[in-house]
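Good morning, and thank you for the time. I would ask you to keep the structure in view while I go through its sheet, the helices packed on that sheet, and the aromatic contacts.

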Amino acid sequence: MSAFATVRKAAWDTETTGPNPLEDRIVTAAFIVRGGGREDRVVSWLINPGVPIPAEAAEVHGITDAMVQADGQDPKVALDEIATHLARAIDWGMPVVAFNQSFDWSILHYDLLRNGLPTVADRVGPGPLPLIDPIVIDKQCDRYVKGSGQRKLKPTAERYGVQLSDWHTAEADALAALLIAEAQFERFPQLNDMGPQQLFAAQKAWRAEQQAGLQEWFRTKATPEQGGDPNKVIDGSWPLIPAQRAGGEA
């Protein structure tokens, strides 16, 4: 068992009205704490985003307008609670895991700003932050995965032996990300040799390299049907800064 498997760590996930972190909004989120010889802790939120939930988004995560209108929390209250949980975990030095972390981080960032609340960055400072993104690690450490869509959450989980009965809820996706990360630290022991600061810097560099490779693929190989337009490809910094956008990869 790797050292990472035994430490107290957090994972989180959001489900949203769409894939644009600058404009879309969080409708449900989950925050999980696990390890350290203590019981798991799960906190979840159902949020009324104040805008209609598109049918295509509801089909993915199962959250409808009727549900959030009946039982959804006020976004200002819920978003502040989510940010508070993340800030506390970061302040305590806990690894914080999310699959495609930059998307969840960014959509929360802009949702907090929209509601007049301090961002997570405002609460914890510039870092380095103990953030872990299993998709970035997967692309770096297992570079030759073949097949379209095999880097998405469910097939990635299957490759690491993670099995869940429920998918596309925030709780399930957060747990899947956490279990994938545990499996990665077991499979790739070199990850255990990095401290939080070194791992954060490494992931930023890996993600920038991965995004540069993706941009090159869009420029040179993607068909129009595959979205072969370089203007649609996101920049490689992480977490995202204003004026950048990302699509979810779940």
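In the hairpin of β2 and β3, two residues lie between the strands, and Gly36 takes a positive phi near 70°. Strands here are DSSP E runs of at least two residues, helices are H or I runs of at least four, and both are numbered from the N terminus. The model is a predicted one: local features need pLDDT of at least 70, side-chain atom pairs count only at pLDDT 80 or more, and totals for chains, interfaces and linings use all residues. Residues are numbered from 1 along each chain as its sequence is written, and side-chain values use heavy atoms, with hydrogens and water left out.

β2 and β3 run antiparallel and are joined by seven bridges; two strands pair if DSSP finds at least two bridges between them. Within this pairing, Ile32 stands opposite Val42 in β3. The open sheet has five strands in the order β3-β2-β1-β4-β5, with mixed pairing. β3 (38-46) and β5 (131-132) each have a single partner strand and stand at the edges, so one side of each has no neighbour in the sheet. Strand β4 (residues 96-97) runs parallel to β5, with two bridges between them, and Val97 faces Ile132 of β5.

Which helix lies across β1, β2, β3, β4 and β5? That is α4 (residues 75-91), which runs at about 150° to β3. Helix α9 also packs on the sheet, touching β1, β2, β3, β4 and β5, and its direction makes about 40° with that of β2. Contact means heavy atoms within 4.5 Å; axes are lines fitted to C-alpha atoms, for helices over the stretch in contact, and angles run from 0 to 180 degrees between N-to-C directions.

I turn to the aromatic rings. Rings of Phe, Tyr and Trp (its six-membered ring) pair if their centres lie within 6.5 Å; planes under 30 degrees apart count as stacked, over 60 as edge-to-face and the rest as tilted. By this rule there are two aromatic pairs. Phe4 and Phe185 are stacked, because their ring centres are 4.0 Å apart and their planes are at 10°. This pair links helix α1 (residues 3-6), which holds Phe4, to helix α9 (residues 170-187), which holds Phe185, across 181 residues. Both Phe4 and Phe185 are buried, meaning under 20% relative accessible area with a 1.4 Å probe, protein chains only. The rings of Tyr160 and Phe188 have centres 6.5 Å apart and planes at 75°, so that pair is edge-to-face. Tyr160 and Phe188 are likewise buried.

Terms used:
Buried means under 20% relative accessible area, exposed over 50%, partly exposed in between (1.4 Å probe, protein chains only).
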